[in-house]
Amino acid sequence: MQLLEFQAKELFREYGINLLPSISSTSIEEGRIHAKKLGYPFVIKIQVPVGGRGKAGGIQKCHNDDEFELKYPQVFGLTIKGEKARAILLEKMADIKKELYLSIFLNRSKRCYTIIASAEGGVEIESVKNQIIKEIGMGDVSDELAQEVVKEMGLEGRTADDFVDTLKKLSKLTIEKEAELVEINPLAIMQDGSLMALDGKFVTDDNSNFRHPEMDKYQEKTEIEERAEKSGFSLVELDGDIAVVGNGAGLVMSTLDMLADNGGKPACFLDVGGGATTESVYEALTLISKMKRVKGILVNLYGGIVKTTVVAEAFLKAYEDNLIDLPVFSRLKGTESEKAKEMLKDSRTKIFDSIEEAINAAVMEIKN
Amino acid sequence: MTEIFDILRGNPEDSDYKKKGVIVQGITGAYGSLHARNMMAYGTNIVAGVTPGKGGQKFDDKVPIYNTVNEAVDATGAKISIIYVPAKFFLGAAKDALESGIKLLVAIPEHVPVRDTLEIIGIAKQKGAIIIGPNTPGIMIPDLIKVGIMPPMPFKEGKIAVLSKSGTLLYEISDALTRAGFGQSITIGIGGDPVNGTRLVDAFDMVKDLPDMEGLVIVGEIGGDSEEILAQRIIDIGFKKPAVAYIAGRAAPKEKRMGHAGAIVMGTYGSAESKISMFNKANIPVAKRPAEVPVLLAGKMEKSD
């Protein structure tokens with residue numbers, strides 16, 4: 001899970017990393033009160049769990065009431081990379097001398113945590129030049145290593161001291177909260193040489209959630225996502241009209257790819273996990289019935305041990321209960337497939353021998 | 001002969017040649033017991049189970065259960081263990097195995113925190129042990145030994161090595177290979193997590209020198225750069241045997257985890273395009289559909305004849 005900026009900053013504050021005064025709100029009424037408290041000038045920042053906010057107009061300077069009344073609703077109304085605003089952060093404007101970059105992340109290929117620092121911050125990491133990269137094992141940063149980074153960055157005086165302090169606090173945060181990525185970009189040098197975290201990015205390792213009940217408050221789930229998680233499903237909602245269901249992440253991704261190759265638009269990625277049962281397929285259909293944009297369902301199940309008749313039962317039950325009235329295009333690999341076909345003969349579910357045939361039929365029928 | 005075959009199959013002079021003992025950790029759980037029976041039915045020599053507190057009992061009236069891996073190893077001398085415990089108990093179970101001298105540890109659980117995986121990899125390095133997983137379907141030499149959860153039908157003894165991040169795609173593609181007459185010498189599930197005990201490149205190193213291997217199939221997916229690293233390695237050592245790849249997730253949106261903890265594209269890092277272009281550089285064709293894998297492999301084999 002990627003936290004919102006203001007949530008990441010809550011953690012930064014808890015760990016003593018320097019921040020400018022800021023307040024988050026979810027309505028303009030609330031925002032007006034905060035604006036008075038904070039005083040102009042400040043920056044209005046959209047809170048979405050994706051990058052590229054600045055380019056999309058999601059960060060606006062604000063100098064007076066008129067600008068505030070105009071820009072707050074503007075920024076709040078933006079959708080960035082499909083993500084609507086979760087909140088607005090008002091943050092005091094700063095007089096900055098220079099911008100730095102600092103992050104600690106899980107380095108997948110080296111299988112350790114790694115620091116990236118640069119004396120040139122403010123842009124996306126891919127374009128950050130002169131990166132200083134240090135592998136740090138399980139995430140601990142010694143004084144010696146912190147000093148080494150400071151030296152390579154050419155920092156001096158108060159800025160150097162602040163940097164060592166920030167880096168060590170960031171390391172502690174990464175370890176204690178089991179982050180996959182903690183990033184400060186930009187980490188600003190102020191006129192007096194001190195450092196301030198102007199932005200914050202924090203990605204958790206969701207598999208460690210059971211050890212971090214204190215992070216539960218940052219969980220943001222729709223009803224559908226919550227039900228999916230309860231059933232042990234993986235669900236990613238997409239904006240097309242054909243729901244894609246299967247067992248196993250790789251198989252469902254592969255089905256998504258083939259559907260897109262054939263001109264179909266996936267409405268979701270739904271992995272029901274290891275085995276498929278009547279109950280799990282029925283629950284998957286229940287979740288899909290709640291997605292209004294769906295016009296058809298593509299099912300790709302590779303059941304080594306799964307009986308396809310068990311899956312067919314779920315389809316029949318879903319029609320019988322009026323849960324769905326959508327056409328289902330399905331490829332079921334497993335035992336008793338002839339019997340399953342017979343069961344579904346007069347229903348709106350068609351069974352195909354290959355996924356390619358199922359996709360072709362789905363794309364043809366949904367387009368019309 | 002490479003190390004992985006020494007461990008899984010052994011050599012003709014070994015008293016336990018082709019019947020290497022395997023310990024099942026979590027054998028009394030619903031999942032562990034189901035798959036212990038499936039492995040035995042496949043012919044895998046399950047010599048012991050481990051469930052703390054149930055030492056002294058027997059599983060299905062024949063497999064002795066111990067409280068710790070240490071006791072199980074003392075009694076059986078097994079070097080292979082497979083873990084079926086829930087993710088939150090994985091760290092303890094894996095430490096128990098590695099500290100008891102297990103040399104091949106197959107880690108089935110999904111949702112293991114990445115710090116626990118890192119810690120286990122650190123211990124495995126010190127002990128000279130191999131970790132397969134976590135979040136893996138396991139490892140098998142078809143028709144000889146299965147240490148994992150794969151259904152048996154897709155696989156057949158043969159000469160193609162299959163390395164895969166995904167479980168169901170491993171079954172799907174092995175099935176297609178088998179139907180096309182390409183049996184498998186070994187299949188290794190790397191796992192779908194961001195950090196793997198055995199990376200694709202490590203798995204490749206395990207199999208690349210097999211004398212009777214006739215081809216290699218790599219089943220990758222979006223996320224990380226292990227496919228790119230493997231492709232670079234294939235270029236660097238001038239590996240010439242026919243190889244074909246498949247990459248899942250071309251149509252996946254960025255910055256979304258697609259089912260597997262590791263299947264996520266961040267910026268351009270982990271994208272399907274990056275992986276496909278590296279495989280192309282290594283002269284490895286990338287199939288667009290699972291069913292295309294055997295077709296491309298047959299084409300490569302014809303050329304190399």
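Predicted model: local features only at pLDDT ≥ 70, side-chain atom pairs only at ≥ 80, totals over all residues.
Two residues are in contact here when they have heavy atoms within 4.5 Å of each other. As for bookkeeping, residues are numbered from 1 along each chain as its sequence is written, chains are lettered from A and ligands numbered from 1 in the order in which they are written, and side-chain values use heavy atoms, with hydrogens and water left out.

The size of an interface is often given as the accessible area lost when the parts come together. Chain A and chain B bury about 4200 Å² between them, with 54% of it on carbon and sulfur atoms (accessible area, 1.4 Å probe, that two parts lose on being put together, summed over both). On the chain A side, Arg108(A), Arg111(A) and Tyr302(A) lose the most area to chain B, together 20% of what that side buries.

Now look at chain A by itself. Chain A splits into domain 1 (21-92), domain 2 (96-206) and domain 3 (221-367), with bounds from an automatic or database domain assignment. Between the C-alpha centres of domain 1 and domain 3 of chain A there are 41 Å.

Next come the helices, which are DSSP runs (H or I, at least four residues) numbered from the N terminus. In chain A, the axes of helix 6 (residues 223-230) and helix 8 (residues 278-289) come within 10 Å and cross at roughly 170 degrees; axes are lines fitted to C-alpha atoms, for helices over the stretch in contact, and angles run from 0 to 180 degrees between N-to-C directions. Helix 6 and helix 8 of chain A are therefore roughly antiparallel (angles over 145 degrees). Ile224(A), Arg227(A) and Ala228(A) of helix 6 meet Glu283(A), Thr286(A) and Leu287(A) of helix 8.

Over in chain B, helix 6 (residues 167-179) packs against helix 10 (residues 293-304) at about 50 degrees, with axes 8 Å apart.

Key. Helix = DSSP H or I, 4+ residues; strand = E, 2+ residues; numbered from the N terminus. Parallel < 35°, antiparallel > 145°, perpendicular 65-115°, else oblique.
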